[in-house]
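The sequence and structure are shown first.

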Amino acid sequence: MARAFLVVMDSVGIGGAPDAARFFNGSKPDTGANTVAHIAQACMAGRAEQGRSGPLRLPALSALGLGSAVRLASGEAAPGLGEATSGLWGAATEQSLGKDTPSGHWELAGVPVPWEWHYFPDAEPAFPTSLSDRAARLAGTEGILGNCHASGTDIIDRLGAQHVKSGWPICYTSADSVFQIAAHEDSFGLDRLLDLCAGLAPTLHAMKVGRVIARPFAGTPETGFHRTANRRDYAIAPPAPVLTNWVQDAGRRVHAIGKIGDIFSMQGIDDVVKGRDADLMARLSGLVDTAEDGSLTFANFVEFDSDYGHRRDIAGYAAALERFDAAIGSILARLRDDDILVLTADHGNDPSWSGTDHTRERVPVLVAGKGAGSVGHVGFVDVAASVAHHLGVASRGAGRSFF
């Protein structure tokens with residue numbers, strides 16, 4: 001029986017979103033942002049030599065059609081990426097009014113977001129007093145630290161020592177619809193942080209804030225602080241059944257890798273493995289050998305976005321793409337005859353762009369296991385419909401299969 005592997009390369013956009021002018025990094029619209037093309041152009045020009053060297057080398061993704069998808073989406077060239085030879089390829093356009101993780105993933109799973117998210121102003125304080133007070137009460141502290149827009153790594157560098165001394169949680173946001181809480185795993189306690197986020201989540205969800213994110217960290221003021229792998233997202237549940245529900249309701253198994261369990265509030269998911277991307281790739285590789293007939297494996301690889309996109313690290317992003325390509329190439333070689341592996345993304349995060357926010361872009365759709373050729377321009381929702389069609393499961397979304 002057919003199996004499907006749906007892999008989200010978090011933030012690997014390919015430019016060309018028709019409504020990019022409506023989305024901004026600071027005062028600059030996202031018009032012209034192109035994550036893959038601009039990384040490839042920087043590599044070819046010798047501007048991404050830290051930790052790697054030369055043109056961007058992605059033989060597996062190129063063969064599936066990544067370079068061709070970039071040209072289709074945006075008209076731009078991605079130097080070093082050759083022509084498609086072995087996969088179906090296309091470019092997907094999002095209709096939800098966001099460039100964030102829940103919007104992208106929900107729509108890829110068949111359900112566009114039916115509302116506008118709430119965003120906190122880029123001001124200090126960023127949060128209404130009633131919300132800050134509630135966070136402090138739930139934490140059992142007299143107040144909170146932060147209360148602003150910030151980079152997650154910068155804010156623990158700036159406030160980590162004060163947090164350890166005072167015990168107050170560090171609360172911050174970004175251009176996404178998020179409320180993030182950073183706390184030290186030892187001095188504050190990981191379980192206490194998770195309880196705090198879970199307790200505050202219903203209040204934020206009622207405001208249509210997409211996620212409350214626990215951001216645990218470790219270290220000392222003397223040695224420096226670093227975030228750990230124990231992040232947890234408390235997301236609003238999707239408003240309708242999504243791909244994972246369709247598959248599970250048909251009596252099939254659904255395996256989640258990475259943030260997928262958090263993003264979908266475990267709806268329609270049988271098991272989940274979290275960790276660093278290298279650990280998640282090992283899990284994906286193992287499931288290619290062991291996943292049940294008829295099953296869906298749904299994976300997210302986040303470090304492109306979290307470690308390199310937001311930090312505007314072109315060389316780091318390029319190196320991460322090359323590591324991913326090498327690993328996925330070995331997996332593609334072991335797929336069964338009736339398997340498909342679909343590679344896509346949820347939004348862009350052009351590391352050459354201004355600001356630190358995601359960028360509004362089309363995303364690639366690369367399919368191994370269904371022959372070679374172009375599927376053209378498709379919608380995010382068509383990804384879910386196509387995976388369901390391959391599995392022989394009824395699609396309950398608005399998308400159409402491109403198979």
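A residue is called buried when its relative accessible area is under 20%, exposed when over 50%, and partly exposed in between (1.4 Å probe, protein chains only). S103, at 0% relative accessibility, therefore counts as buried. The model is predicted, so that local features need pLDDT of at least 70 and side-chain atom pairs count only at pLDDT 80 or more, while totals for chains, interfaces and linings use all residues. Residues are numbered from 1 along each chain as its sequence is written, and side-chain values use heavy atoms, with hydrogens and water left out.

S103 is part of helix 4 (residues 101-108). Helices (H or I, at least four residues) and strands (E, at least two) are DSSP runs, numbered from the N terminus. Apart from neighbours within four places in sequence, S103 contacts E94, S96, G98, V113 and W117, where contact means heavy atoms within 4.5 Å.

**First annotated group**

In an unreviewed UniProt entry, the annotation "binding site" covers D10, D346 and H347. These residues are spread over 338 residues of sequence but cluster in space, with a largest C-alpha distance of 7.1 Å. UniProt positions are given in the numbering used here, feature names are shortened, and annotations may be inferred rather than shown by experiment.

D10 occupies the loop between strand 1 (3-9) and strand 2 (24-25). With 0% relative accessibility, D10 is counted as buried. Residues up to four places away in sequence being left out, D10 touches T101, H105, K259, N300, F301, V302, F304, D305, Y317, D346 and H347. The side chains of D10 and N300 are joined by a polar contact of 2.9 Å. A polar contact is a pair of N or O atoms within 3.5 Å; within protein, one must be able to donate a hydrogen and the other to accept it, and residues adjacent in sequence count only if both atoms are side-chain atoms.

A polar contact of 3.5 Å also links the side chain of H347 to the side chain of D10. H347 belongs to the loop between strand 14 (339-344) and strand 15 (363-368) and is buried, its relative accessible area being 1%. Beyond four places in sequence, the residues that H347 touches include S11, K99, D100, D305 and H358.

**Second annotated group**

The "binding site" annotation of the unreviewed UniProt entry also covers D305, H310 and H358. Here the spread is 54 residues of sequence, yet the residues cluster in space, the largest C-alpha distance being 8.3 Å. The lining of the largest pocket includes D305, H310 and H358. On a 1 Å grid over the protein atoms alone, a pocket is an open set of points where a 1.4 Å probe fits, with protein on both sides within 12 Å along at least five of seven lines; lining residues have an atom within 4 Å of a point.

H310 is placed in the loop between helix 11 (303-309) and helix 12 (314-332), and its 25% relative accessibility makes it partly exposed. Neighbours within four places aside, H310 contacts D305, N349, T356, D357 and H358. H358 sits in the loop between strand 14 and strand 15 and is buried, with a relative accessible area of 1%. With the same exclusion, the contacts of H358 include N25, D30, D176, D305, H310 and H347.

**Aromatic pairs and charges over rings**

The whole structure contains 12 aromatic pairs. Rings of Phe, Tyr and Trp (its six-membered ring) pair if their centres lie within 6.5 Å; planes under 30 degrees apart count as stacked, over 60 as edge-to-face and the rest as tilted. Two of the pairs are listed below.

| Pair | Ring centres | Planes | Class |
|---|---|---|---|
| F127 and F179 | 4.5 Å | 45° | tilted |
| F264 and F298 | 5.6 Å | 40° | tilted |

F127 lies in the loop between helix 4 and helix 5 (129-139) and F179 in strand 7 (residues 178-184), so this pair ties together parts 52 residues apart in sequence. F127 is buried at a relative accessible area of 4%, and F179 is buried at 0%. F264, in the loop between helix 9 (260-263) and strand 12 (271-273), pairs with F298 of strand 13 (residues 296-301), 34 residues apart. Both F264 and F298 are buried. F301, F304, Y317 and F324 form one aromatic cluster.

K28 lies over the face of W353, at 3.9 Å from the ring centre, and K208 over that of W115, at 4.9 Å. A charge sits over a ring if NZ of Lys or CZ of Arg is within 6 Å of the ring centre and within 35 degrees of the ring normal.
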